[in-house]
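Thanks for coming. I will go through the sheets, then the domains, then the chain contact. Please have the model open.

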Amino acid sequence: MLTVSGVHTFYGNIEALKGVDIEVGVGEIVTIIGANGAGKSTLLMTICGRPRAARGRIVFEGRDITHMPTFEIVRLGIAQSPEGRRIFPRMTVLENLQMGATVADPSRFADDLERVFTLFPILRQRQNQRGGTLSGGEQQMLAIGRALMARPRLLLLDEPSLGLAPLVVKQIFEVIREINEQQKVTVFLVEQNAFHALKLAHRGYVMQTGRITLAGTGRELLANKEVRAAYLEGGHA
Amino acid sequence: MEYFVQQLINGLTLGAIYGLIAIGYTMVYGIIGMINFAHGEIYMIGAFVSIIGFLVMGLAGITWVPLALLIVLVCTMVVTALYGWTVERLAYRPLRGSFRLAPLISAIGMSIFLQNYVQLTQGARVKPLQPIVTGVLPLFTSPGGFTVQISYLQIFIILLTVVLMAVFTYMIAATPLGRSQRACQQDLGMAALVGVDVDRTISLTFVTGAALAAVAGFMVTLYYGVIDFYIGFLAGIKAFTAAVLGGIGSLPGAMLGGLLIGLIEAFFSGYFSVEYKDVAVFIMLVLVLIFLPTGLLGRPEVEKV
């Protein structure tokens, strides 16, 4: 569904991605784990064309999207819940969800809204509140809900568990599984919470300083010695 | 008291005009964080297009005033909006992503260019227009014999401004375009990520700002009856002052700021000295920048993460 091959991305003179290859198949949950600053978020943003890949190719459903403007990439069916959530702070929850539906078919808006409110009932209660006044967990739900309003075929999630209470993290991961299994949305997930992410994902990649260093199924990576030492020991297991 | 009311009416009229121009400054600043210094010139072009429009109406023999006003108003808005769109396309879009000062310098260049362009094509002399909307409505007469009056033109200007601002406020608050504009204002990158065509939204922002400035130019042509290629400079800076006073980036702020600047100017002219009315406005700018940099309705600049 999505093929990233040999992608290099720069921020000024700093090379954030140094030739990344990944592959996401239809219906999969694929995760990418790695330390802070490894380039995970840059990879997600590069897929959406902000910043652009300096070299390499990104192909989505057979179309080369490497040089497409961001809004056109989004129209093809890729939605992102980005790093830092980036809720529109002075818009209400409902308006944030309306913005998420920018590329969606307007006649399905009511259904899609209902679907998001069913996944995250708290958003229904908060719908007339400004996005900036929500708690961190609520903002995370809103960011995911906003991405879902686009009816994406590929959902990019950047650290949905960051800074959240363990109970909320569990809830969010359950929702991701539900989105994937029931709504047939392919998910590409960036996480620092390696344990949860690898347990959830079908396949995973490990990223280090702009390169993919390991790949395998979620189970394989969970059992891998290096992965355990670097990302799991003393952590959540 | 009568004199006060009279100045109040004059000030409101002036304030309406400044407010309409100020909206363009504040919207553009809100979205791309630059002061569009060519915006005063866009207003000046609006004034010229409307004066040409009235001459054409005269030649075409359309003498029924409401019809002539409507045709000229619509044509002025359309033509001037086209100028606004072109300026953004030529002078600002190629510099997007460049260093912060670049579009600002380009804007000043555009401003000088537009002034000279109008001077060359239309001549440097003052252009007169005979009064089209005439007649006054006497409100009341004081025991001293001073009659407070409001001209039909003033009523027209104030009403038209109120209607336009209502339509505009609705557009920003409740239409998909307005929502996209607010989204771009709050987080340009995220707006792109939900599928907003950011370039198009910015273009449309320039178009709406120019259309409103065009209305201001149209009003000034009717109100003062004389224009020249240089009127955009002073009016532009005053409207910019209005936007800063109201809180740059804030739409209600621009309207409020415009109104206050109009009132300050009218009252200062009425009670102190007409010659120094501009000084009064710019002292206001200095005071606001020193003591209230975020303006009356502005938000303090928050560092984005």
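Start with the open sheet of 4 strands in chain A, ordered β2-β1-β4-β5, where the pairing is antiparallel. At its edges stand β2 (14-24) and β5 (63-64) of chain A, each with a single partner strand, so one side of each has no neighbour in the sheet.

Before going on, the bookkeeping. This is a predicted model: local features need pLDDT of at least 70, side-chain atom pairs count only at pLDDT 80 or more, and totals for chains, interfaces and linings use all residues. Residues are numbered from 1 along each chain as its sequence is written, while chains are lettered from A and ligands numbered from 1 in the order in which they are written.

As for terms, helices (H or I, at least four residues) and strands (E, at least two) are DSSP runs, numbered from the N terminus. Two strands pair if DSSP finds at least two bridges between them. Two residues are in contact if their C-beta atoms, placed from the backbone, lie within 7 Å.

Back to the antiparallel sheet. Strand β1 (residues 2-11) of chain A pairs with β2(A) in the antiparallel sense over 8 bridges. Within this pair, Phe10(A) stands opposite Glu15(A) in β2(A). On the sheet packs α1(A), which touches β1, β2 and β4 (55-60) of chain A, and its direction makes about 70 degrees with that of β2(A). Angles run from 0 to 180 degrees between N-to-C directions, and axes are lines fitted to C-alpha atoms, for helices over the stretch in contact.

Next, the other sheet. Chain A has an open sheet of 6 strands in the order β6-β7-β8-β3-β9-β10, with mixed pairing. Its edge strands are β6 (78-81) and β10 (211-217) of chain A, each pairing on one side only. From one strand to the next, the twist averages 15 degrees. Helix α1 (residues 40-47) of chain A packs on this sheet too, touching β3 (29-34), β6, β7, β8 and β9 (203-208) of chain A, with its direction at about 150 degrees to that of β7(A).

Now some individual pairs. β7(A) and strand β8 (residues 186-191) of chain A are parallel, with 5 bridges; Leu154(A) has Thr186(A) as its bridge partner in β8(A). Between β3(A) and β9(A), which run parallel, there are 5 bridges, and Ile33(A) stands opposite Val206(A) in β9(A). β9(A) and β10(A) run antiparallel, joined by 6 bridges. Their hairpin has 2 residues between the strands, and Thr209(A) there takes a positive phi near 35 degrees.

How many residues of β9(A) are buried? 5 of the 6 are, so the strand is largely enclosed by the rest of the structure. Buried means that 20 or more other C-beta atoms, placed from the backbone, lie within 10 Å of the residue's own.

On to domains, whose bounds come from an automatic or database domain assignment. Chain A divides into domain 1 (1-77 + 154-162 + 170-237) and domain 2 (86-151). Their C-alpha centres lie 23 Å apart. In the contact between them, 8 residues of domain 1 of chain A meet 7 residues of domain 2 of chain A. On the domain 1 side, α2 (70-75), β7 (154-158) and α7 (166-182) of chain A each supply at least two residues, and α7(A) gives the largest share, 3 residues.

Last, the chain contact takes 22 residues from chain A and 14 residues from chain B. On the chain A side, α2 and α3 (93-100) are the elements that give two or more residues.

Conventions: Buried ≥ 20, exposed ≤ 12 C-beta atoms within 10 Å, placed from the backbone.
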